[in-house]
Amino acid sequence: MPLRYKKFILIFTLAVMFIGMGTFSLLAPELNFSLPTSQENLGKKDVLQGMSSKDIKQEITDLVQIYFDAKLKVDMTILADCVTDIENVDERKLVAEAEYIEKYQNISCTIKDGTEKGSYRVYVYHEDKYYDIDKAIPSLTALYVKVQDDGKFMLHYGTLTGKEQKKIAELDDSTEVKKLKDSVNKKLEELKSTDEQVREFCEMLDNSSQDETENTENIQNEAGSANGEIQAPQAGAATQAPAGQTATQAPAGQAATQAPPAGEATQAPAAAPAQ
């Protein structure tokens with residue numbers, strides 16, 4: 001396994017959580033509590049009127065695709081158009097990730113309604129192709145999407161109410177999401193059993209991360225408390241919705257309790273910002 005990845009491991013060790021052998025990282029926004037006004041709620045309802053479930057899923061899927069593309073290119077201008085607070089995006093981490101991740105592929109979204117109309121917990125399955133590793137590594141990232149007053153869908157990188165945090169935790173711990181995480185972990189385990197490059201990479205990440213993540217939770221949060229990535233390569237996982245984005249997996253690095261922010265979490269095999 002190329003020594004270049006040792007540097008990568010050091011960069012993401014503190015931000016990676018594992019789930020079995022897959023990482024599930026979530027973005028977590030700041031834990032400040034703020035309640036939306038009735039006027040804001042009315043605006044969101046007006047925006048969503050006439051949109052079918054299919055339309056909403058397409059809006060969110062397009063947003064997630066643009067977000068991952070911008071992360072890979074470290075395009076802060078486009079990212080600023082995807083997240084509610086670009087200040088919560090760590091550009092240095094994205095630059096570091098871009099040195100090792102060649103591309104994100106086979107992206108698909110599982111979407112669950114949040115506490116209020118226009119809010120959604122999004123579980124993003126993706127396969128991360130790393131330089132010098134032939135096979136792409138399966139990952140899972142958790143994000144939190146909210147419709148803004150102007151009707152725009154954006155990854156929430158900011159504060160979450162207590163009710164939102166509770167709902168996100170319930171969704172992350174639901175039977176359906178657990179099955180989703182198990183499915184990603186199974187794919188990773190099967191890949192590790194047949195591919196020496198992937199196996200060595202995951203073992204290296206696992207061994208390097210264990211010393212500093214002994215007390216990690218199931219799902220890591222990337223942006224504050226809502227966004228994060230759930231990443232595949234597993235390792236631990238933290239709970240929270242990114243609020244934008246939140247974990248897996250491949251190094252991903254994302255998710256901490258805060259607003260990411262809340263967006264997503266980055267992963268890396270075996271373990272997984274978001275951002």
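**Close-up views of a predicted model**

**View 1. Asp132 and the loop that holds it.** In this predicted model, Asp132 is partly exposed, with a relative accessible area of 43%. Asp132 is found in the loop between β3 and β4, and its phi is near 75°, a positive value in a residue other than glycine. Most residues other than glycine have a negative phi.

**View 2. Two further residues with positive phi, Asn106 and Val74.** Asn106 lies in strand β2, where its phi is near 50°, a positive value in a residue other than glycine. Val74, which follows α3, also has a positive phi, near 55°.

**View 3. Helix α3 and its buried face.** With 21 residues at 1.5 Å a residue, α3 should span 30 Å, and the distance of 30 Å between its end C-alpha atoms agrees with this. The buried residues of α3 are Ile56, Ile60, Leu63, Val64, Tyr67, Phe68, Ala70 and Lys71. Seen down the axis of α3, these buried residues fall within an arc of 165°, so they line one face of the helix. An α-helix has 3.6 residues a turn, so residues three or four places apart point the same way. On the face of α3 turned away from the buried side are the exposed residues Lys54 and Lys73.

**View 4. The largest nonpolar core, with 39 residues.** Val64, Val122 and Phe153 are the residues with the most contacts inside this core. The elements that give two or more residues to the core include the helices α3 (53–73), α4 (76–80), α7 (175–194) and α8 (196–210), together with the strands β2 (101–113), β3 (119–130), β4 (137–147) and β5 (153–155). Helix α3 gives the most, with seven residues. A second, separate core has seven residues, among them Tyr125, Leu140, Leu171 and Val177.

**View 5. The surroundings of Val122.** When neighbours within four places in sequence are left aside, Val122 is in contact with Ile60, Val64, Cys109, Thr110, Ile111, Thr141, Ala142, Leu143 and Val145. Two of these partners, Ile60 and Val64, are among the buried residues of α3.

View 6. The mean pLDDT of the protein chain is 73, and 59% of its residues reach 70 or more. Over residues 9–40 pLDDT stays under 50, although the model has 249 contacts beyond four places in sequence for them; over residues 231–263 pLDDT likewise stays under 50, and the model has 411 such contacts. Where pLDDT is low, the predicted coordinates should not be read in detail.

Technical notes:
Residues numbered from 1 in each chain as written. Predicted model: local features only at pLDDT ≥ 70, side-chain atom pairs only at ≥ 80, totals over all residues. Heavy atoms only, no water. Core = buried A, V, L, I, M, F, W, Y, C linked by side-chain atoms within 4.5 Å. Buried < 20%, exposed > 50% of the residue type's maximum accessible area, 1.4 Å probe, protein only. Helix = DSSP H or I, 4+ residues; strand = E, 2+ residues; numbered from the N terminus. Contact = heavy atoms within 4.5 Å. pLDDT = per-residue confidence, 0-100. Expected span 1.5 Å × (residues − 1). Arc of directions from axis to C-beta.
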